[in-house]
Amino acid sequence: MAIASENNVQPDVMAKAIKEAVFAGVVAFCMFLLFVGIETYQDINNQLVWRTRWGLLAVFVAVAVVGRFVTVAFIKPHLDKRKLAKAKTGVLDISEEKSFFHKHFLKIALVFLLCYPFLAMMIFGRQGSLKYVDNFGIQILIYVMLAWGLNIVVGLAGLLDLGYVAFYAVGAYSYALLSSYFGFSFWLLLPMAGILAALWGVILGFPVLRLRGDYLAIVTLAFGEIIRLVLINWTDVTRGTFGISGIAKASFFGIWSFDVGAANNFNKAWGLPSSSVYYKMFLFYIILALCMLTAYVTIRLRRMPIGRAWEALREDEIACRSLGINTVATKLTAFATGAMFGGFAGSFFAARQGFVSPESFVFLESAVILAIVVLGGMGSLTGIAIAAVVMVGGTELLREMEFLKHVFGPDFTPELYRMLLFGLAMIIVMLFKPRGFVGTREPTAFLKERKAVSGSFTKEGHG
Amino acid sequence: MEYFIQQLANGLTLGSIYGLVAIGYTMVYGIIGMINFAHGDIFMLGGFAALIVFLILTTFFAGIPVALALLVMLIVAMLMTGLWNWTIERIAYRPLRGSFRLAPLITAIGMSIVLSNFIQVTQGPRNKPIPPLVTEVYHIGNITISLKQILIVVITSILLFAFWYIVNKTPLGRAQRATEQDRKMAALLGVDVDKTISITFIMGAALAAVAGSMYLMYYGVASFNDGFIPGVKAFTAAVLGGIGSLPGAVLGGLLIGLIESLWSAYFSIAYKDVATFAILAIVLIFKPTGILGRPEVEKV
């Protein structure tokens, strides 16, 4: 019986797939007709003219047709069958037996990170490793730190913040301005930048205390834009869009300097050849330490009354208030703590770049950080770190894809497609894993034993 | 006084454009409770569609009357963006309906990044200027009002009326309002919820396309990142008016347009966006659900 019905279904599926594929083709043709089929460009007289690109249009339509056909004819039946089989056997996804790698993932990751700059130097040589330590290592860790900081606001307290980059900007500009006007050192300004950012978190947090959900989201977005616009327009202090350059480097706790001409130059003192890679390695360990600090504070705070209050606020604000939790203080501390880590990351960013400009603090950055938090699985530190590695590392990797030039011709610039692919990856990950990479959460409060629960049991908050 | 009236006219024009985009935000928010971040880029797509249609028209029909050309541009742009928004809803939002709240927000942000980069890749990163379409200018005393400003306000008013009629007087509008109030109940009573939501997206996109075309006509230039700033302002307008409320969106749009033009006229042009966002924050402190928004009552 079952076999017969399966045989009957097959031609139906094929017919349906062909129908859907043709439909997808027609839709794709209409959608891309103007934007892909026609190219607009300026000619020598600077006049806007156009030409057709039927070949490219045909490729787009063909991809849509084939993609839809394969999805309907093969992928979907396959997924349905797997789901059915799973439901029949009654075995849940979460298997008790974990592999060695899975069990010791955190320790392995930490050891790997500690060795990473030396490994890179061993494999790629002194100058070759620069790219891997700086573009991949430091870049990814900055995003990990930012995402962990935002996680306190969004993942723990459930307050949707679309302007997190504002605190990053406050941190970066605090360091840039105070070091170039007053000559303070990095180690003095790092905590100060954090404190200033936290202060701004409280200042911006106050007016939005009554707001909920999407009203909160738009106001935080507005604050982010206000700070960026002020940075652009207050040219006397911030030098506007030109930005501030020549920001002092971080020193080795004041003992050795990384400036090339300095008497106590680190490389000279240790008899190392002069290369910027040692400074980058030093920075790598600073940001790694800052990340660890963020993670440690987050984990410890979750055990404390304030962390539990944040999570209670996320789960149910009314219940929270009925139990006597001061929601004003809870929200403000969440904003301030999240902002503080943003400020740390910002001042580190300024020291690493040696240059800050409002360009680095656009809304897109906030969106990317929020995307990392959600894609990783809100509230899960490991998931967020994985998401940062995949999303930031993946797009950085695209810069390195020189071999694609051989495939698509010498005009092909992979950088152009970086953000396009980033956006597509955001959509695809969300569609397949709406709860993020890590679907389980560690509960804060538990009975008898600590068990990971599915992410679907935690709420995302309305505040 | 004349200066003031002049700025009022400018603000009204800008406000009409924001209002049209804001309706798209507010409708989608009302019906499925999500911020459609890609809406600003739909507005940009509409502008680009109009630009390309304009180029084709001027090549093949050199002496075409301006009114006809505008009409063709508007209609093609509306159809085009309607189709795009339908597809986007189908691919990126519908599978996540009923999932948790932030998932469609993230896909919408992703979609916004994809759309603007798609246009950057396919049409190039440079600004695209077009020759002025409508050049007539009228003088009343010392006040100068251009025909394109009048056109924008008139077209907006006609569309708003048509839109109000659809939402309030037709079976489709009834289905939309029912879906907005209670999706499950509407489905039980025979409303095709999926279709209604799709149509809402198409309607929102069509209005955004008109706004995009008029933005192109007003400024004479289109660019791939045109979607963000007007998009955020329109969203601000929707929230200021009270998100979910249609008259609120129009009111918010007009207010934002007026604030922007009056602030740049009397204070400083550099800080006009700061003023807009600051006023949003101040209004929301006193009315947390916007000017015309219904207060949120949470039942326990």
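Modeller: Let's start with a definition: two residues are in contact if their C-beta atoms, placed from the backbone, lie within 7 Å. In chain A, residues 24 or more positions apart make up 73% of the contacts with a separation of 6 or more.

Biologist: What kind of model is this, and how are residues and chains labelled?

Modeller: This is a predicted model, where local features need pLDDT of at least 70, side-chain atom pairs count only at pLDDT 80 or more, and totals for chains, interfaces and linings use all residues. Residues are numbered from 1 along each chain as its sequence is written, while chains are lettered from A and ligands numbered from 1 in the order in which they are written.

Biologist: How many helices and strands does chain A have?

Modeller: Helices (H or I, at least four residues) and strands (E, at least two) are DSSP runs, numbered from the N terminus. Chain A has 17 helices and six strands.

Biologist: How should I read the side of chain A that touches chain B, and which helix gives the largest share?

Modeller: Begin with the totals: 46 residues of chain A are in contact with 56 residues of chain B. H7(A) supplies the largest share of that side of chain A, twelve residues. By class, the side has 36 nonpolar, four polar and six charged residues. Here Ala, Val, Leu, Ile, Met, Phe, Trp, Tyr, Cys and Pro count as nonpolar, Asp, Glu, Lys and Arg as charged, and the others, Gly among them, as polar.

Biologist: Is A:Met426 buried or exposed?

Modeller: A residue is buried if 20 or more other C-beta atoms lie within 10 Å of its own, exposed if 12 or fewer, and partly exposed in between, with C-beta atoms placed from the backbone. A:Met426 has 27 other C-beta atoms within 10 Å, so A:Met426 is buried. A:Met426 sits in helix H17 of chain A. Leaving aside neighbours within four places in sequence, its contacts include A:Leu375 and B:Ile106. Of the 463 residues of chain A, 41% count as buried.

Biologist: Why does the length of H5(B) agree with what a helix should span?

Modeller: The expected span of a helix is 1.5 Å times one less than its number of residues. H5(B) has 23 residues and should span 33 Å; its end C-alpha atoms are 32 Å apart, which agrees. Among the buried residues of H5(B) are B:Ile152 and B:Thr156. Helix H1 (2–32) of chain B is one of the elements covering the buried residues of H5(B).
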